[in-house]
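Here is a short briefing for a reader who is new to this structure. Please look over the sequence and the model first, then read on by topic.

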Amino acid sequence: MTTIRQRRVGKGTEAAEDQPSEETNVKPDGKIPPDPPGGKLWNILSITVGGIVAISLGLLTSVYVATLHENDLWFSNIKEVEREISFRTECGLYYSYYKQMIQAASIQQGLHGLVYDNKTESVRTINILERMNVYQEVFLSILYRILPIQQYLEPVYFYIYTLFGLQAVYVIALYVTSWLLSGTWLSGLLAACWYITNRVDTTRVEFTIPLRENWALPFFAVQIAAITYLLRTHLQPAQERLTLMAVFIATFLFSLTWQFNQFMMLIQALALFILDCLDMLPTAKVTWLYIIQISGLLLVCVLQFFNSMILGSLLISFNVSVLIARTIQKNLKKGGLLNRLGKLILHVLLVLCLTLLINKFIKKILNLESDEHIFKFLKAKFGFGATRDFDANLYLCEEAFGLLPLNTFSRLSSTLLFYVYGFVLFLLTVAAAIVAFRNLSGSNQVQFKEKMEEYTVTLRPDAAYSLVHTVLFGCLALSTMRMKYLWTSHMCVFASFGLCSTEVWKLILKCLHLYTSQRTRVIKYSIPIITLLYISFKFWPGIMDELSELREFYDPDTVELMNWIKSNTPSTAVFAGSMQLLAGVKLCTGRTLTNHPHYEDKNLRERTKQIYQIYAKRSPGDVYGILRSFGTDYVILEDSICYERRHSRGCRLRDLLDVANGHIMDGLGENEPDLKPSVYPRFCEEIKKNLPSYTMHFTRVFQNKTFHVYKLAKHK
């Protein structure tokens with residue numbers, strides 16, 4: 001079991017001020033008057049200083065997480081096998097393809113090995129580029145081979161430094177988004193500082209380096225920054241085209257690097273749909289964003305050899321449905337309040353029905369079942385009936401897929417982030433409700449507008465998008481802890497924007513009858529600066545202590561297992577075991593696997609359930625027959641799974657298998673009435689007794705405190 005132990009000795013200026021509103025600083029012909037010469041110079045100086053601060057903070061973040069990774073593992077001092085074991089579970093699987101490409105005789109041979117892979121799933125040849133999002137590993141391996149850096153930089157460092165470098169891109173994108181929203185780079189500085197001081201809840205890159213989200217989220221942040229700029233008013237046509245290109249490139253890279261891209265962009269599409277229905281975004285720009293999402297996803301589909309899971313995604317069905325519904329209901333945004341509400345309800349129902357029909361049709365044509373486990377999981381999670389489905393329960397019992405723990409909010413509150421976020425969220429939600437009502441009612445009476453503007457802030461399109469984006473991704477994070485990183489990073493942006501926003505402080509001061517432009521300006525800068533000083537004084541000593549704490553990687557049992565496999569088994573041997581462990585076996589030894597952690601394939605899920613019968617109550621003959629049907633030569637049993645105590649009764653792997661097999665669970669507690677006792681003992685426990693019924697099929701060839709390896713007999 002992998003652990004971390006204590007290391008032993010011996011080994012000033014602001015950017016362009018807030019964007020002009022649609023009613024101010026605009027000539028009657030619609031053109032914005034030019035800035036005075038002094039103002040233009042000031043803007044250039046401000047942008048330069050803000051840009052330098054952004055790049056500096058991004059680079060510092062990269063160095064920070066890289067140092068934490070080195071200090072936690074003593075990565076520069078441990079052996080190669082230990083470095084590879086530190087890439088846990090699916091991280092090790094993804095990195096193994098980078099290693100495979102590096103070690104291939106040529107780039108062409110390496111690509112051929114990925115397209116016709118027969119080592120990831122025994123007795124099957126699969127296309128890795130179709131099944132998994134590993135183009136980033138392919139690109140990096142090719143880059144490493146062609147650049148003259150082999151003598152100076154090991155492949156593993158080239159890989160991890162690239163991921164840490166992407167953290168700089170991530171922080172810069174968050175900084176720029178906040179800057180664009182507020183009009184001051186002080187907001188970006190505050191967003192970056194919050195991201196760093198809340199690192200536990202904003203990123204996990206330092207200990208899960210190859211995870212797909214660590215590749216994808218920086219590009220998602222860039223896409224959000226580009227959308228924020230696109231939604232500004234008074235953009236020139238050339239600026240708009242360049243921004244659309246930036247959105248497309250970021251969307252494409254995000255989609256290419258993460259298998260869950262379609263679900264994240266579906267939430268984004270829902271945000272656009274809501275705002276478009278409420279007339280809070282320009283329809284033409286929203287249409288372009290729908291088209292970009294579809295085209296980016298389809299391009300990824302082509303690169304992934306027409307992956308059917310992409311074609312059957314809800315995102316494509318939803319976006320196509322919205323575009324079709326728009327052509328059917330052309331007068332959606334005309335009429336009074338009740339008229340428009342009626343049209344909106346019909347529009348929503350039409351889009352929903354079309355989405356379900358199109359998606360059902362595509363899945364029927366393609367015979368698509370790759371993502372059915374996700375919908376089974378969601379159905380069970382939100383209480384639409386209990387399930388005995390093994391795959392759904394496997395997700396339900398993992399903490400990462402549970403509700404967001406309450407202690408998350410106490411950590412976020414310690415940096416003042418959550419308090420500020422809640423405050424800004426409340427104010428802008430009220431403002432959005434008033435603006436939405438005004439838009440739907442179609443009221444353009446001057447007296448009414450003047451009364452509204454006296455007490456409310458007119459919500460700009462970019463701020464409206466940021467509001468709905470953070471609400472929807474907040475709901476996702478609250479329901480599924482693993483997705484909190486999509487919310488908390490944007491929380492930093494949203495809170496810093498609100499704290500540095502002229503509109504927010506103007507609204508508050510007007511409500512208190514204290515508004516003056518000078519007072520607003522003073523508060524807009526003083527409150528963020530005070531917040532930055534508080535964060536610095538409170539958390540700087542802790543960051544320094546964290547950077548000075550030295551540990552080292554320590555997992556002797558797994559190291560011993562991997563070394564034994566490399567030294568004592570044929571290179572063609574096939575290994576069965578848990579998904580998590582087998583990913584490490586492939587990376588460290590290159591042996592063939594029966595199953596692995598990339599779970600987005602129905603055949604693999606069924607295969608994994610069968611392999612896991614080694615932890616169920618099954619006869620030795622049954623288990624032997626199952627393992628041999630997948631060409632297994634060796635099976636690895638783990639005491640940490642066989643005698644699991646990490647999960648409570650009902651969520652242990654052996655309990656999930658018992659219920660799926662119709663058997664009662666071990667231990668004290670209730671069982672469903674139709675479950676029956678098994679006639680066989682638990683295989684992983686009974687095999688250790690060396691009874692004849694087991695030894696005729698299995699011979700123990702390796703054992704330590706954690707693992708037991710058995711070789712399967714080859715009966716005729």
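Gln-136 is in contact with Arg-212, Trp-215, Leu-256 and Thr-257, leaving aside its neighbours within four places in sequence. The model is predicted.

**Gln-136 and helix α6**

- Gln-136 lies in helix α6.
- Gln-136 has a relative accessible area of 6%, so it counts as buried, the cut-off being under 20%.
- Thr-257 is 121 residues away from Gln-136 along the chain, yet their C-alpha atoms are separated by 6.7 Å.
- Thr-257 is also one of the contacts of Gln-136.
- Helix α6 covers residues 135–146, twelve residues in total.
- From first C-alpha to last, α6 reaches 17 Å, close to the 16 Å expected at 1.5 Å a residue.

**Helix α20 and its partners**

- The axes of helix α16 (residues 337–366) and helix α20 (residues 417–441) come within 7 Å. They cross at roughly 100°.
- That angle falls in the range 65 to 115, so α16 is roughly perpendicular to α20.
- On the α16 side, the contact is made by Leu-337, Arg-340, Leu-341 and Leu-344. On the α20 side, Phe-437, Asn-439, Leu-440 and Ser-441 take part.
- The residues of this contact divide into five nonpolar, two polar and one charged.
- Helix α19 (residues 407–414) also packs with α20, at an angle of about 95° and with the axes 5 Å apart.
- α19 and α20 are therefore roughly perpendicular to each other.
- Phe-409, Leu-412 and Ser-413 of α19 meet Leu-417, Phe-418 and Tyr-419 of α20.
- By class, the contact of α19 with α20 has five nonpolar residues, one polar and no charged.

**The five-stranded sheet**

- What is the order of the strands in the open sheet? The order is β4-β3-β5-β7-β6, and the pairing is mixed.
- The edge strands are β4 (592–593) and β6 (698–703), and each pairs on one side only.
- Strands of a sheet pair through backbone hydrogen bonds, either parallel or antiparallel.
- β6 and strand β7 (residues 707–712) run antiparallel and are joined by five bridges.
- A hairpin of three residues links β6 to β7.
- Two pairs show how these strands line up. Phe-702 has Val-709 of β7 as its bridge partner, and Phe-698 stands opposite Leu-712 in β7.
- β7 also pairs with β5, again in the antiparallel sense and over five bridges.
- Val-635 has Tyr-710 of β7 as its bridge partner.

**Cover on the sheet**

- Is β7 mostly covered or mostly open? β7 is mostly covered, with five of its six residues buried.
- Helix α29 (residues 620–629) lies across β3 (574–576), β5 (634–638), β6 and β7.
- α29 runs at about 75° to β6.

Conventions
Residues are numbered from 1 along each chain as its sequence is written. This is a predicted model: local features need pLDDT of at least 70, side-chain atom pairs count only at pLDDT 80 or more; totals for chains, interfaces and linings use all residues. Side-chain values use heavy atoms; hydrogens and water are left out. Axes are lines fitted to C-alpha atoms, for helices over the stretch in contact, and angles run from 0 to 180 degrees between N-to-C directions. Helices (H or I, at least four residues) and strands (E, at least two) are DSSP runs, numbered from the N terminus. Angles under 35 degrees count as roughly parallel, over 145 as roughly antiparallel, 65 to 115 as roughly perpendicular and the rest as oblique. Contact means heavy atoms within 4.5 Å. Ala, Val, Leu, Ile, Met, Phe, Trp, Tyr, Cys and Pro count as nonpolar, Asp, Glu, Lys and Arg as charged, and the others, Gly among them, as polar. The expected span of a helix is 1.5 Å times one less than its number of residues. Two strands pair if DSSP finds at least two bridges between them. Buried means under 20% relative accessible area, exposed over 50%, partly exposed in between (1.4 Å probe, protein chains only).
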